[in-house]
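Subject: the two-chain model

Hi,

Here is the structure I promised to send over. Have a look at it first, and then read on for my notes.

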Amino acid sequence: MKRREFVQYAGLGAGALMMPSLLLGNNISAEALLDPGMDVAIKKALADVALNTAKSLGASYADVRIGRYLNQYVFTREDKVQNVVNTESFGVGIRVIANGTWGFASTNNVSDDGIKKATNQAVAIAKANAKIQKEEVKLAPVESHGEVTWKTPIKKDFKEVPVSEKVDLLLSANAAAQQNGANFVNSALFMVNEQKYFASTEGSYIDQDVHRIWPTFGVTAIDRSTGKFKSRQALSAPMGMGYEYMDGLASEKIKGPDDLILYRNSYDIIEDATMAAKQAKQMLTAKSVEAGKYDLVLEPNHLGLTIHESVGHPLELDRVLGYEANYAGTSFATLDKWKSKDFEYGSNIVNLVADKVQPGSLGAVGYDDEGVKTKKWDLVRDGVLVNYQAIRDQVHMIDQNESHGCCYAQSWNDVQFQRMPNVSLEPGKEKYSIDDMIKDVEKGIYIAGRGSYSIDQQRYNFQFGGTVFYEIKDGKIVGMLDDVAYQSNTQEFWNSCVKICDESDYRLFGSFFDGKGQPSQVSAVSHGSSTARFNGVNVINTGRKI
Amino acid sequence: MAIYTKEEAKQIMEKALSFSKADGCVINMSGSESGNIRYARNTVTTSGHRSNQTLVVQSNFGKKSGTATIDEFDDKSLEKVVRRAEELAKLSPESPEFMDPLGPQTYDDSLTFKESTANVSPEYRAEVAAKSINPAAAKDVTAAGFFNDSAGFSAMLNSNGLFAYNKSTNMDFTVTMRTKDGTGSGWVTRDYNDITQFDAAEASKVAIDKAIMSSKAKAIEPGKYTVILEPAASVGLLGNMGRAFDARTADEGRSFMSKEGGGTKLGEKIVDERVNIWSDPLDPRVPTGTWDGSGQPVKKMQWIENGAVKNLAYSRYWAKEKGVNPVPFPSNFIMEGGDASLEDLIKDTKKGILVTRLWYIRGVDPQTLLYTGLTRDGTFYIENGKIKHPVKNFRFNESPIIMLNNLEKLGKQVRIDGNLVPYMKIRDFTFTSLSDAV
């Protein structure tokens with residue numbers, strides 16, 4: 001077994017928490033995170049060095065990204081701080097088209113000389129690869145934006161909040177969990193600030209300041225006599241917000257069934273940890289589900305992952321065309337299905353939208369990593385597949401001439417490529433509450449929070465677990481269930497969607513470390529929805545005796 | 001130049017250590033040169049080269065520790081990084097689990113570096129792609145692949161007199177071949193320390209043949225089947241099982257290795273008695289470094305002996321808490337095999353499924369080590385000792401513990417992801433649904 005398999009943080013669950021060490025830069029002090037970094041006028045001058053060098057070497061297009069990536073991660077368990085990580089990574093990535101072919105090079109030597117050298121390398125790579133390239137790169141036109149800026153609309157910059165305050169908050173959440181019966185608790189706070197300067201030969205100079213935050217924990221309860229243990233993960237969502245997400249505002253809480261409290265744009269970690277400990281203990285004696293067909297009522301913090309896997313990934317155009325065939329796979333949503341204009345992805349109440357502008361979301365930016373102004377567009381309208389996710393060098397393949405603006409690179413030293421925008425289910429038009437979803441279900445299960453997830457390489461067959469499960473009998477929640485997972489087929493599943501709560505229940509789920517490409521790059525993306533009901537879904541029992 | 005010799009690395013690290021004013025100081029240094037080529041739709045899509053070097057300083061004052069990193073090794077930079085680690089240590093909260101730097105150790109010489117791999121050129125990489133793409137195109141098959149080679153070193157020096165150094169090379173190759181009509185898909189993986197063992201054409205042919213053979217698969221009912229698992233199909237489940245060998249979570253009562261009523265399953269028989277699994281950094285077929293991240297020597301270690309749990313891994317901290325010797329996590333694993341070839345295993349199977357690989361494996365229940373995932377890139381129905389026809393992919397829900405209890409026969413070992421894993425015939429493997437994915 002490879003060492004990286006053991007870097008997982010025990011107790012925090014899901015593989016998504018594997019520490020992506022490549023994202024970390026040089027360790028610095030928390031105070032140094034506040035350093036404003038390089039002045040924008042200097043960045044512009046350096047960017048021009050890259051663009052002019054590229055042009056003089058015969059490149060027909062060039063873009064340059066000067067990036068400063070700041071991370072602060074805090075890890076605790078029970079009453080102990082495990083680690084506080086503050087890192088900074090600073091450098092420049094230059095991408096060019098020469099002889100109709102892409103070339104890319106990067107350097108952490110952010111000076112005239114360093115940039116000239118890297119630009120030379122990028123052009124040389126493009127020219128070398130041009131010899132084996134079969135089709136010339138074709139870029140969709142883009143507007144020249146001049147000098148512009150964009151900033152995540154945060155209220156509290158995490159960098160200005162003392163580390164001690166963050167540590168205290170996590171330790172208080174851990175203590176609350178332990179006081180309420182948890183045997184173990186691991187908690188973590190991930191905070192990211194991307195300071196990205198982009199310039200291209202199209203005449204844009206774009207300065208962006210992007211913030212993200214993710215508080216999370218895993219609480220474990222153990223029954224020593226039976227040897228059983230159960231974990232309950234946090235019901236938080238990673239967000240494109242500042243530290244204000246940790247305020248726990250009462251106005252952003254939503255009451256779920258069985259006293260469950262759910263969170264919209266503000267998270268109360270102490271309350272959730274308290275609830276988690278009680279629920280983990282309840283799970284130890286929860287009824288094991290009987291396998292069969294159930295009507296599923298899926299809460300947004302759960303449904304988001306299903307949207308991510310069964311809608312987000314299959315509608316990435318590079319997957320559809322086969323560019324990702326050797327890694328994550330291809331897609332069932334082939335071009336002929338899209339061209340037919342009548343492929344029923346879901347029932348007629350299903351509207352799935354791609355979005356790079358939604359406030360509070362992880363995918364929100366003003367401009368993507370190739371200088372395209374971001375927007376919102378339809379993927380599935382009234383149940384029918386209408387579009388994909390594509391960037392400047394791809395849209396011509398689907399007969400469009402405007403990039404969707406979803407190009408992204410995880411760092412200055414990685415080349416940008418098509419990444420998933422926020423993909424969300426629109427709320428229902430009729431006024432429905434969570435209770436309305438449950439009240440006419442005879443035999444069903446209410447599922448909240450993310451759990452185990454697995455889907456095939458063309459995104460047909462999937463299996464999802466969850467964080468907490470409640471049995472619904474004759475329109476009422478009757479108790480907790482255990483050993484639940486549902487298996488379905490993407491098209492069948494979305495066509496079984498019969499009811500969606502209205503806007504008042506809408507909230508975001510997020511994936512902080514979504515992987516794609518070889519070498520693999522991560523990105524962060526949100527998925528919004530309201531609670532929705534899916535009828536007659538196959539549920540299996542995952543309990544085993546060994 | 002990112003690959004330093006033992007002497008060069010030691011000199012730089014000693015210089016850095018000379019600036020230390022902390023109670024303890026640990027310096028780790030590493031560097032690597034790597035190159036890759038990626039192709040899809042029978043054409044090269046990207047290629048790249050990466051060079052990096054880094055020096056990490058961990059300083060501690062009592063149980064407060066701080067870490068700082070730098071990629072320049074001149075005296076001024078070295079002093080700066082040591083000062084920064086010390087500043088961070090002073091500012092950090094106390095970590096009750098902090099362990100003082102380890103004293104001097106003796107290590108075996110590793111077998112991980114091969115000059116041939118360190119000398120891979122961009123032309124060689126392009127040739128790998130061509131050896132995949134050309135035969136694929138000739139058979140109307142579409143190739144998508146990735147080849148990566150790397151050479152690097154890592155070294156460690158601390159204020160208690162420990163010094164460790166290792167140099168290694170690696171290459172990884174995967175290719176997916178798909179028939180033009182999209183009904184067949186084959187895949188292959190190869191990894192070596194020594195690139196002279198790698199044959200891109202041979203590997204690509206395996207994937208091309210599988211793509212053609214797996215075309216137009218028939219659906220058969222999911223259920224419990226006898227399966228022949230190629231090493232690529234079982235390595236993921238075995239690796240996941242390996243994670244359960246952590247003594248701490250077992251002692252804490254939250255692992256498969258925890259025992260009802262307290263204690264651990266150490267010494268208990270958990271799988272078929274023909275199962276023997278060990279790790280060995282000096283096996284020339286799958287060599288690894290001979291020391292771990294905390295500086296402890298890594299030696300041959302038995303994990304499962306005749307089906308029973310022989311050892312659990314203890315971090316330095318947990319070993320101290322429990323009053324035992326630390327046992328480092330392994331960096332490879334070797335599962336004992338038999339003499340049977342894949343053909344032999346197929347020949348004596350009356351009714352079964354041959355599985356090329358398992359994909360998207362995710363944990364379902366840590367209590368029983370239940371995992372789910374799907375078959376991919378070549379799944380075939382076997383009847384009366386012969387492959388009859390390709391079958392559609394299945395989703396499985398299975399625990400490696402149950403799988404290794406249902407062992408029918410072990411076949412030959414194959415290197416896979418740096419480990420040695422045998423072909424295995426397993427009865428009653430649980431497939432829970434069908435997938436249309438190719």
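Residues 157-269 of chain A are 16% helix and 43% strand, with end C-alpha atoms 18 Å apart. That stretch is what an unreviewed UniProt entry annotates as "domain: Metalloprotease TldD/E central". Please keep in mind throughout that this is a predicted model.

An unreviewed UniProt entry puts "domain: Metalloprotease TldD/E C-terminal" on residues 292-539 of chain A. In the model, that span is 14% helix and 36% strand, and its end C-alpha atoms lie 5 Å apart.

Now chain A as a whole. I get 9 helices and 28 strands for it. The radius of gyration is 24 Å, close to the 24 Å that the globule rule gives for 546 residues, so chain A is as compact as a globular protein of that length. Its C-alpha trace spans about 70 × 55 × 45 Å along the principal axes. Of the 546 residues in chain A, 58% are buried. If you take the contacts in chain A with a separation of 6 or more, 75% of them are between residues 24 or more positions apart.

Asn489(A) sits in strand β24 (residues 484-489) of chain A. Ser310(A) is 179 residues away from Asn489(A) in sequence, yet their C-alpha atoms are 8.8 Å apart in space.

Also in chain A, have a look at the peptide bond between Gln518(A) and Pro519(A): it is cis, with omega at about -5 degrees. Most peptide bonds are trans. Pro519(A) belongs to the loop between β26 (507-516) and β27 (521-529) of chain A.

On to chain B. The domain assignment gives domain 1 (6-211) and domain 2 (216-238 + 337-434) of chain B. The centres of domain 1 and domain 2 of chain B, taken over C-alpha atoms, are separated by 31 Å. Where they meet, 8 residues of domain 1 of chain B are in contact with 9 residues of domain 2 of chain B. On the domain 1 side, strand β6 (residues 185-192) of chain B provides the largest share, 5 residues. That side of domain 1 of chain B is made up of 1 nonpolar, 5 polar and 2 charged residues.

What about the two chains together? Between them, 74 residues of chain B are in contact with 51 residues of chain A. Strand β12 (residues 351-365) of chain B gives the most to the chain B side, with 6 residues. By class, the side of chain B that touches chain A has 24 nonpolar, 34 polar and 16 charged residues.

Helix α2 (residues 75-91) of chain B is worth a look as well. How far apart are the end C-alpha atoms of helix α2 of chain B? They are 25 Å apart, which agrees with the 24 Å that its 17 residues should span at 1.5 Å a residue. The buried residues of α2(B) include Leu78(B), Val81(B), Val82(B), Ala85(B), Leu88(B) and Ala89(B). Two charged residues, Arg84(B) and Glu86(B), are buried there too. An α-helix has 3.6 residues a turn, so residues three or four places apart point the same way. The buried residues of α2(B) pack against α1 (6-18), β2 (43-61) and β3 (64-70) of chain B, and against β1 (26-27) of chain A.

Most residues other than glycine have a negative phi. Asn306(B), however, has a positive phi of about 50 degrees, and Asn384(B) has a positive one near 45 degrees. Asn306(B) is in the loop between β9 (301-305) and β10 (308-309) of chain B, and is partly exposed, with 13 other C-beta atoms within 10 Å. Asn384(B) is in the loop between β13 (370-383) and β14 (386-390) of chain B, and is exposed, with 9 other C-beta atoms within 10 Å.

Cheers

Key. Residues are numbered from 1 along each chain as its sequence is written. Chains are lettered from A and ligands numbered from 1 in the order in which they are written. This is a predicted model: local features need pLDDT of at least 70, side-chain atom pairs count only at pLDDT 80 or more; totals for chains, interfaces and linings use all residues. Helices (H or I, at least four residues) and strands (E, at least two) are DSSP runs, numbered from the N terminus. The radius of gyration is taken over C-alpha atoms; the globule rule is 2.2 Å times the number of residues to the power 0.38. A residue is buried if 20 or more other C-beta atoms lie within 10 Å of its own, exposed if 12 or fewer, and partly exposed in between; C-beta atoms are placed from the backbone. Two residues are in contact if their C-beta atoms, placed from the backbone, lie within 7 Å. UniProt positions are given in the numbering used here, feature names are shortened, and annotations may be inferred rather than shown by experiment. Domain bounds come from an automatic or database domain assignment. The expected span of a helix is 1.5 Å times one less than its number of residues.
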